[in-house]
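Take a look at this chain. We will go through its charged pairs, then its helices.

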Amino acid sequence: MRNQLAGTGTLLRLALRRDRVMAPVWIMVVAMLVLSLPASLESVYGTAAERARLLTTMNTNGSLRALYGPAFGDSVGALTAWRGGIFAGVLAGIMSLVIVVRHTREEEETGRQEMLSAAMVGRRAPLTAALLAALAANGAVALLVTAGLTGRGAAGAPALGLGIGATGMLFAALAAIAAQLTESARLAKGLTGALLGAAFVLRAAGDAGSAGGSSALTWVSPLGWLEHVRAFAGERWWVFALFAAAVAVQVAAAYALAGRRDVGMSFLPARPGPAQGRLTGTGALAWRLQRGSLIGWSLAFLAAGVVFGGMTDGAVQLVGDNERTREIIERMGGQSGIADAFLATMAGMLGMIAALYIVSAVLRLSGEESGQRAEPLLGHAVGRLRWAAGHLAVAFAGSALILLLAGLGLGIGHGEGVGAAVGATLAQLPAVWVIGALAALLYGAAPRYAVAAWAVAGGALTLGWIGPALNLPQAVLNLSPFAHLPKLPGAEALTWAPLLALTALAAALLAAGLAALRRRDLTA
């Protein structure tokens with residue numbers, strides 16, 4: 001076994017070096033999502049009576065329980081765990097799957113792992129190094145959350161921090177299995193992401209149907225386990241035994257699979273393409289490569305729109321006469337009545353999440369190039385701009401499609417104003433396109449740093465999500481392109497100037513990115 005782990009330390013140092021920018025950004029986003037909440041909650045619900053009313057309102061509203069889960073206590077610490085725990089767990093899971101797949105299947109897909117394996121590197125060393133890198137990232141999140149919330153409760157802070165970190169490690173282990181089963185990094189991430197989404201849906205369905213997290217569906221989901229840690233509300237330390245057992249079983253399965261396949265191979269073989277070519281051009285090829293991802297995002301946005309639309313009446317009830325909550329929602333969604341302001345807030349949130357889709361779709365170009373699949377294609381009568389245009393068309397048109405479906409879902413869930421809801425989500429497109437165009441510019445001009453586009457999208461999401469609650473200066477909020485969009489539905493008048501300006505900026509950035517791609521050499 002020692003020989004199979006040979007070189008683990010070297011590979012771990014390499015992984016940490018490669019993640020020296022990406023991992024800290026993820027860690028800070030996950031930790032700040034939680035640490036920004038206590039001050040906001042105290043400003044909104046400053047008295048015990050207000051927090052008690054919030055607890056009662058939340059636990060009697062099924063739609064809000066589906067989103068956040070039940071609240072188990074009315075202290076600031078307990079409300080922090082309720083408001084941010086599930087979402088921090090989801091983000092920790094995404095961070096973990098990205099890290100593990102990046103240092104396992106992606107290394108094999110690009111051929112780098114085969115070269116490393118020619119040296120003194122054990123069969124299971126890459127997988128071990130990837131899991132240790134994920135453990136380091138989740139450990140850092142747990143430490144930051146624990147340190148930041150220590151004053152809120154002696155036992156609650158480490159319980160919440162460890163719960164978020166344990167959730168991340170569970171999905172890291174799932175990603176380790178997916179990396180053995182699938183043929184590509186994209187499929188491994190997609191499979192693990194689908195399981196993460198299923199875990200959220202199971203927990204949401206369970207919590208919506210029963211108060212107190214007593215549903216069997218909640219207990220089936222790892223995110224339900226995080227909820228049942230009950231940080232700051234009578235901690236259940238025995239729940240961590242479930243996390244430990246699940247992680248141990250999954251890691252053992254990943255190790256067993258890793259020892260039974262060759263480098264670059266997978267247990268789920270690639271499906272052959274059609275015998276008669278339907279790939280009549282670069283656009284058709286890009287569509288074939290990206291259609292699965294787009295269909296998944298489309299279904300998710302439609303479902304999210306329905307859920308958020310259905311929450312509108314509950315959100316109005318939750319706000320009640322709380323002026324501070326009303327101020328935050330109106331700052332995010334405009335001063336046009338709480339219902340319209342809430343819908344505008346949800347439309348903006350869906351727009352910021354759509355930015356993650358467009359970055360993923362644009363950076364598929366980088367994956368094709370680094371995987372050495374672009375060079376043989378460009379060696380024929382296919383120009384670089386024509387090849388890139390196919391993927392960019394899918395990315396930009398796809399973002400419009402998922403926002404259209406999100407708007408339909410919002411209108412259907414709310415039960416009225418479908419046209420206004422669609423207009424609100426489509427109004428997010430110029431800002432989404434700016435971020436997509438910036439990703440294209442980074443890829444075209446500096447492909448080694450194209451991954452920084454994720455930080456841009458994450459920064460916009462963080463500013464839009466946390467900024468209004470922290471009452472950040474408008475100058476800081478304006479760093480995000482989403483801050484310049486009209487607040488729809490309900491705005492007094494649709495202002496076209498910012499929409500046209502952002503669209504023009506996106507076009508300029510995209511043109512600069514394509515010009516840079518045309519001039520530079522392809523990377524190995």
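With which residue does E107 form a salt bridge? The partner is R18, and the closest N and O atoms are 2.8 Å apart. This is a predicted model. E107 is buried, at 6% relative accessible area. R18 is partly exposed, at 24%.

Helix α7 takes part in another pair. E106 meets K189 in a salt bridge, 3.8 Å from N to O. K189 sits in helix α11 (residues 185–209) and E106 in α7, 83 residues apart. K189 is partly exposed, with a relative accessible area of 30%.

Stay with α11. R203 forms a salt bridge with D207, with 2.7 Å between the closest N and O atoms. The two are four residues apart in helix α11, so about one helical turn separates them. Both R203 and D207 are buried. A network of salt bridges links R203, D207 and E227. The model's count comes to seven salt bridges.

Now turn to helix packing. The axes of α21 (residues 384–414) and α26 (residues 496–519) come within 10 Å and cross at roughly 145°. The crossing is right-handed. R384, L385, A388, L392 and F396 of α21 contact L510, L514, L517 and R518 of α26. By class, this contact has seven nonpolar, two charged and no polar residues.

Last, helix α22 (residues 418–426). Its buried residues are A421, V422, A424 and T425. They lie on the same side of α22 because they cover an arc of only 160° around the axis.

Technical notes. Residues numbered from 1 in each chain as written. Predicted model: local features only at pLDDT ≥ 70, side-chain atom pairs only at ≥ 80, totals over all residues. Heavy atoms only, no water. Axes fitted to C-alpha atoms, helices over the stretch in contact; angles between N-to-C directions. Left-handed = near helix turned anticlockwise from the far one by under 90°. Contact = heavy atoms within 4.5 Å. Nonpolar A, V, L, I, M, F, W, Y, C, P; charged D, E, K, R; others polar. Buried < 20%, exposed > 50% of the residue type's maximum accessible area, 1.4 Å probe, protein only. Arc of directions from axis to C-beta. Salt bridge = Lys/Arg side-chain N within 4 Å of Asp/Glu carboxyl O.
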